[in-house]
Each structure stands twice: as C-alpha cells, then as structure tokens.
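Let's take a walk through this one, a stop at a time. Have the viewer open and follow along.

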Amino acid sequence: MAFDTQTLSPTEPLCRRVAYLAGRGNEAADIAVAIPADFRLASGERLGQGRITGRLHGRVGAPLIVVAGGISAGRFVHRTETNGLGWWSGAVSIRGPIDLSRFQVLAFDYAPEAAEGSRPVTITTHDQARLLGLILDQIGDPVVSAFVGCSYGGMIGLAFAELFPDRARQLVVVSAAHRAHPQATAWRGIQRRILQLAEAAGRPEDGVALARELAMTTYRTAEEFADRFESTAPAAAGQAYPVCEYLTARGKAYRTHTTPARWLSLSDSIDRHAVTPEAIRTPVTLVGFASDRLVPIDDIRELAARLPSLFRLVEAPSLYGHDAFLKEDEAVAAILRAALKDIDQ
C-alpha cells in the first residue's frame, strides 16, 4: 500500500497548509516537516535526518488528539487505512475509544530514524516534544485537545506539557512516570550491552533479536508466563524450553524492525527521562497497572501526589504488566472514553 506524504517547509503559507489538510476529507495523510538547520538536541548533537514525519488520521477539522506509544510505536496508529500496521487499533478507530469520526488524531515517528550505518544520538523526551512542536507549527499551531501517551509516549507527553504549558488542554498518561526506575534501567542497560556486543561482532540483527527477547520478559508478568508455558525440560542441555521458543520467535519477528543505533538511542532516552511534576500545570489523567515492573505503581503514585493539576488517578490490575495498555482493551477504553467525553466538537 502506498502512503501519501506531503512535505511542508517552514515557510509554507499557513493558508496553503490548511487548504491541503481540509482537502483530505477523512483520509489519513503523512506530513513530513523539515527540521530547521539550527535545530540541536539538548546534548548539542544534530540529528542525522532532515525531517520529522507525522500522520493525521480521522475527521479533518475535528478536535486534535496526539497519540504516542512505546519506542517501537510510530505514526501508523490505526489499522483500517494502513493495511494492518496500526500499533493501537484497540483504542484508535471509527467509533472506538479515540473515535476517528469525532476526533482527528496525530501520531508521529520518533527520532532518530532507523537508517543503516547511523550512530546513536543522545536524545531526550523533551527533544521529542520539541520535534512534535515542529509538526504542530506546520499544521497551523493548533492547541491539542488531549495528548494520550503510553509508556515512552507518556514520558513525551509529560515533557511536552512541561515545555509547552499552553499547547495541550489535558494529558492522559498511561504506564509512565516522571523518571525511570533504576531496576528498569538495569534491564535496559543489559539490552544495550547485548546490542553493542552483537554489532561489534558483525551480527546486528541477532543483537536486536536477543535484546528483544530480554525486553519481552520485562514487559509481561511472571504470572502470565506461568499460565502460558509448561516447565517441561528439553532432551538435552542447551536446547530450548517452551518459554524460550516463544521468546526466540518474538525476537526473530523483531530483528529487522529497527537498528541497534536507533534502539540504543531510544532506550537511553527512556533512562535519562526526567520532568518536574510540580511544573506541569496541564490537567492529567494518570493510569498505572499494579503488575507493571518497568513502571512500578509506587512511581505512578508519587507522580500523582506531586502533580498540581491531577484530574484522576486510575490504578488497575492486569495479568500483562507493562503491556497492559495494549492488552486490556476494555479497561483502557473505559478510561479513555471518560477522559475524552467532554471535549467540545
């Protein structure tokens, strides 16, 4: 399937940009925005890419909802018009919790791009928020009716609200806190060393696959693994147990999804994430899952206690740990519908 992409320069007249978008009806459209030559990351580094790409889904002219997910998410959030590529179709759909007949949804690809031969960059969640700001500038500088962020996307949402207090009317932050937990940093640090070792050995795709296997053990819970897998031993030492066969399959499916450099950049970005909750004045609906080991519920509670404009804290049980926002469709739908119900049309 071919996807329509419109590149908008910083000098593109506003009337032309709005006319372009209005002419799209209900079709989704990519918007590739040129990154200014003087744009620098907080580290002082320059991105190797020349543009940042977002995608608008849903009804043109409707209230704008920004949706952002984990580090493997991107601009293809809705499956109907993306040939099954949507990463959060359980939430974003026609008449879904984030209703594409009621809202227009903006999702975007995180920097850095997965370019062959690229090197890791030191990029923060505030840098990602600034790049999102460039997209919003180029589509007419709208005030976002809601920023819905899950996992890394929730971190970006908090950073966005800290940087741009007047650009979003509310946040819905799911499975994300004001900082990374040291235990989660330890797990991700091992993944990064696997990637570096594999790249040094000339086997980058194998490194991505193995790091993904380890990551999967942190996304889910011990209880789910106990329910799903038998502990029957293989015939000989070194052969795979049932749970290992599952992890190997998940790793192989992911091995060409990204590059080591991009994973290193985004994994590190999670661990250097830091916002000051007291500085965030935007109303926040905060959602945490009790079984989440990457973002422990105590960190969610601390964030809630420190937010000056907390609207609602939801604590929910789940068998699925950090992946609950992708698996608990009914519970997440109820939370989203409640948070978005009063947005004016």
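**A helix pair, then a capped helix**

The crossing of α4 and α5 is right-handed. Keep in mind that this is a predicted model. Two packed helices are described by the angle between their axes and the distance between the axes. Here the axes of α4 (residues 182–200) and α5 (residues 204–219) come within 8 Å and cross at roughly 165°. Angles over 145 degrees count as roughly antiparallel, so that is how α4 and α5 run relative to each other.

Which residues make the contact? On the α4 side you'll find Trp-187, Ile-190, Gln-191, Ile-194, Leu-195 and Ala-198. They meet a set from α5 that includes Pro-204, Val-208, Ala-211, Leu-214 and Thr-218. An α-helix has 3.6 residues a turn, so residues three or four places apart point the same way.

Now hop over to α2, residues 125–138. Is α2 enclosed or open? Of its 14 residues, 12 are buried, so α2 is largely enclosed by the rest of the structure. Among the buried ones are Thr-125, His-126, Leu-131, Leu-134 and Gln-138.

Look at how α2 begins and what follows it. Thr-124 sits in the loop between β7 (104–108) and α2, and caps the helix's N-terminal end, with a side-chain oxygen 3.3 Å from the backbone nitrogen of His-126. Thr-124 counts as buried because its relative accessibility is 17%, and buried means under 20%. Beyond its neighbours within four places in sequence, Thr-124 is in contact with Ala-42, Tyr-152, Ser-269 and Arg-272. Just after α2, Gly-140 takes a positive phi of about 105°.

Key
Residues numbered from 1 in each chain as written. Predicted model: local features only at pLDDT ≥ 70, side-chain atom pairs only at ≥ 80, totals over all residues. Heavy atoms only, no water. Helix = DSSP H or I, 4+ residues; strand = E, 2+ residues; numbered from the N terminus. Expected span 1.5 Å × (residues − 1). Buried < 20%, exposed > 50% of the residue type's maximum accessible area, 1.4 Å probe, protein only. Polar contact = N/O pair within 3.5 Å; in protein donor to acceptor, adjacent residues only side chain to side chain. Axes fitted to C-alpha atoms, helices over the stretch in contact; angles between N-to-C directions. Parallel < 35°, antiparallel > 145°, perpendicular 65-115°, else oblique. Left-handed = near helix turned anticlockwise from the far one by under 90°. Contact = heavy atoms within 4.5 Å.
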